[in-house]
Amino acid sequence: MIKNKFIVIEGLEGAGKTSACIFIKKILKQKNIKNILLVRQPGSTLISEEIRHLIKKNFYNEEMVKETELLLMYAARVQLVQTIIVPALKNGIWVISDRHDLSSFAYQGGGLGIDKKFIIILKKFLFNNLDPDLTIYLDVLPEIGLKRVFKRNILDKIESRSLDFFYKTRKSYLKNIKLDNNSITINANMNIDSVNKNIKYQLLKWLQ
Ligand code: T5A
């Protein structure tokens, strides 16, 4: 029997991460893997969901500085990791997370320009290197991902940022994913059936 794993799905807005998490859970179930937990970041605990709300909110009379945004991401993350993810992994449960550290490197590092060294220090201090067994990066062009998100009509603070911000974020994703040997990149610009087909092929190969 395969040992339980920590799988992370990454990508820009509208890349299809949430859809992919549900699809991956279905594939794992078909492989007779029963104990699977889906989480999202920021969020998935009462406290982390409150922090998520704070992060996404537009405070019209005050700008949230980038360091505050980064620290809030990590506050939500450490709460989720310590209370849910680590106990689940210790109990043999498979964890699929919609985003993790790489999002902070891409958005707050690449997009907002916070020094990567500072994020590495935070990560090491908080998690003692809890890295995913597998990261699936859904690579989408910002215009295509945002077009999917725009269909929802209401945009949150981060979704309202410039195209330039999302290009910088994607550049950082592409740079960091190249350095990660435990990662798979999927072209997410295609229709959902083609994306799912590729995810399934790569995931089954990885599980062998
Ligand atoms: N953030 C988060 C940071 O800045 N730093 C961090 O460290 C972390 C953890 C989270 C926000 O926080 C930021 C990033 C985000 O701005 P969120 O609402 O969870 O906020 O945002 P996302 O995680 O980006 O979620 P989205 O819903 O916007 O995008 P998904 O999950 O990638 O996409 P999904 O699956 O919900 O699909 C969106 C729509 O597109 C369709 C779906 O049916 C759906 O309607 N779709 C496709 N359509 C056509 N072709 C495809 N291939 C499609 N795939 C999905």
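This is a predicted model: local features need pLDDT of at least 70, side-chain atom pairs count only at pLDDT 80 or more; totals for chains, interfaces and linings use all residues.
The elements that give two or more residues to the shell around the ligand are helix 1 (17-30), helix 2 (46-56), helix 3 (66-90), helix 4 (101-111), helix 6 (142-150) and helix 8 (192-207), with helices (H or I, at least four residues) and strands (E, at least two) taken as DSSP runs numbered from the N terminus. Helix 4 supplies the largest share of that shell, four residues.

Before the contacts, a word on conventions: residues are numbered from 1 along each chain as its sequence is written, and side-chain values use heavy atoms, with hydrogens and water left out. Local features need pLDDT of at least 70 and side-chain atom pairs count only at pLDDT 80 or more, whereas totals for chains, interfaces and linings use all residues.

In total, 28 residues surround the ligand, and the closest are Lys17, Thr18, Ser19, Ser104 and Arg152; a residue belongs here if one of its heavy atoms lies within 4 Å of the molecule. By type, the shell divides into 10 nonpolar, nine polar and nine charged residues, where Asp, Glu, Lys and Arg count as charged, Ala, Val, Leu, Ile, Met, Phe, Trp, Tyr, Cys and Pro as nonpolar, and the others, Gly among them, as polar.

Turning to individual distances, an oxygen atom of the ligand is 2.6 Å from an N or O atom in the side chain of Ser104, an oxygen atom is 2.8 Å from an N or O atom in the side chain of Arg99, and an oxygen atom is 3.2 Å from a polar backbone atom of Ala15.

As for the protein itself, its secondary structure comes to eight helices and five strands, which run β-α-β-α-α-β-α-α-β-α-α-β-α from the N terminus on.

Finally, two backbone details: a cis peptide bond, with omega about -10 degrees, joins Gln41 and Pro42, and Pro42 lies in the loop between strand 2 (36-40) and helix 2. Asn32, in the loop between helix 1 and strand 2, has a positive phi of about 70 degrees although it is not a glycine.

Terms used
A polar contact is a pair of N or O atoms within 3.5 Å; within protein, one must be able to donate a hydrogen and the other to accept it, and residues adjacent in sequence count only if both atoms are side-chain atoms.
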